[in-house]
Amino acid sequence: MSTAAVTARPREVLADLLPASRVRDVALVLGGAALTGLAAQISVPVPGSPVPVTGQTFAALLVGTTLGASRGLASLVLYALAGLAGVPWFAGGSSGVSVSFGYILGMLLASTVVGALARRGADRSVLRMAGTMLLGEAIIYAVGVPYLAYAADMSASAAIAAGLTPFLIGDALKAALAMGVMPTAWKLVNKR
């Protein structure tokens, strides 16, 4: 394979480096949904909160960043619809609508936004990737916390205490991991 065939062009995400086809796109969308469902099974209960710590948000943001806005959104829509239809791949093997479903809705939007930013090169440097991940997490919380307050009949401060505050350290760690993974992947691709 020549260097020109592997070197990324502007406006590409990592998935664009694979040979283009409808089969590729379908496989990537299915894979993104499956990865998110698998990561949701990494679920640790948080005392005093109906929302567990999961790998789900990290996977959703990586899916968006790696696949781009449209394929990332399609993956998360498939993930959400399959979970609503009864596939037990929401956090802890659950399915259907729960008080934490707002976070899944937030992941749809966040995946799209981080995918659009990745198309503009936001995943190619540590600093820009940090900003991209933090923005994605903020979007998830901006939808998930109000939904939690509504669905669980909580005050805004109670929803923040149960659905945001306990997760900040873990989200910082997820952002740090992504800051290393994505720019490193691009460096490896560009060396070939």
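Student: This is a predicted model. Is Asp171 buried or exposed?
Tutor: The cut-off for buried is under 20% relative accessible area. Asp171 has 7%, so Asp171 is buried.

Student: With which side chain does Asp171 meet in a salt bridge?
Tutor: The two partners are three residues apart in helix H8, so about one helical turn separates them. The N to O distance is 3.5 Å, and the partner is Lys174.

Student: Which residues do salt bridges that share partners join into one network?
Tutor: The structure holds six salt bridges. One of them pairs Arg119 with Asp16, at 2.4 Å from N to O. The network joins Asp16, Arg24, Asp25, Arg71 and Arg119.

Student: How many residues apart in sequence are the parts that Arg119 and Asp16 tie together?
Tutor: Arg119 is partly exposed, at 23% relative accessible area. Arg119 lies in helix H5, while Asp16 sits in the loop between helix H1 (3–6) and helix H2 (22–39), so the parts they tie together are apart in sequence by 103 residues.

Student: Which residue forms a salt bridge with Arg124?
Tutor: Arg124 counts as partly exposed, at 25% relative accessibility. The closest N and O atoms of the pair are 3.9 Å apart, and the partner is Asp123. At 0% relative accessibility, the buried residue of this pair is Asp123.

Student: How far apart in space are Lys187 and Arg124, C-alpha to C-alpha?
Tutor: Lys187 lies in helix H8 (residues 168–191). Lys187 counts as exposed, at 56% relative accessibility. Lys187 and Arg124 are 63 residues apart in sequence, but their C-alpha distance is 8.1 Å.

Student: What volume does the largest pocket have, and which element gives the largest share of its lining?
Tutor: The volume of the largest pocket is about 300 Å³. Of its 23 lining residues, the closest to the centre include Val51, Gln56 and Tyr103. By class, the lining has 13 nonpolar, seven polar and three charged residues. The largest share, four residues, comes from H5.

Student: What accessible area does the nonpolar surface patch with Val97 have?
Tutor: Val97 is found in the loop between helix H4 (69–84) and helix H5 (101–119). Val97 is exposed, with 57% relative accessible area. Together with Leu73, Val77, Leu81 and Leu84, Val97 forms a patch of about 410 Å².

Student: What is the phi of Asp153?
Tutor: Asp153 is found in the loop between helix H6 (126–151) and helix H7 (156–163). Asp153 is exposed, at 74% relative accessible area. Asp153 is not a glycine, yet its phi is positive, at about 55°.

Terms used
Residues numbered from 1 in each chain as written. Predicted model: local features only at pLDDT ≥ 70, side-chain atom pairs only at ≥ 80, totals over all residues. Heavy atoms only, no water. Helix = DSSP H or I, 4+ residues; strand = E, 2+ residues; numbered from the N terminus. Buried < 20%, exposed > 50% of the residue type's maximum accessible area, 1.4 Å probe, protein only. Patch = residues over 30% accessible without salt bridge, like charges linked within 9 Å, V, L, I, M, F, W, Y side chains within 5 Å. Areas by Shrake-Rupley, 256 points an atom, 1.4 Å probe, with all protein chains shown as cover. Salt bridge = Lys/Arg side-chain N within 4 Å of Asp/Glu carboxyl O. 1 Å grid on protein atoms, 1.4 Å probe; cavity = no way out; pocket = protein on both sides within 12 Å on 5 of 7 lines; lining within 4 Å. Points joined across faces, edges and corners; volume = space filled by probe spheres on them. Nonpolar A, V, L, I, M, F, W, Y, C, P; charged D, E, K, R; others polar.
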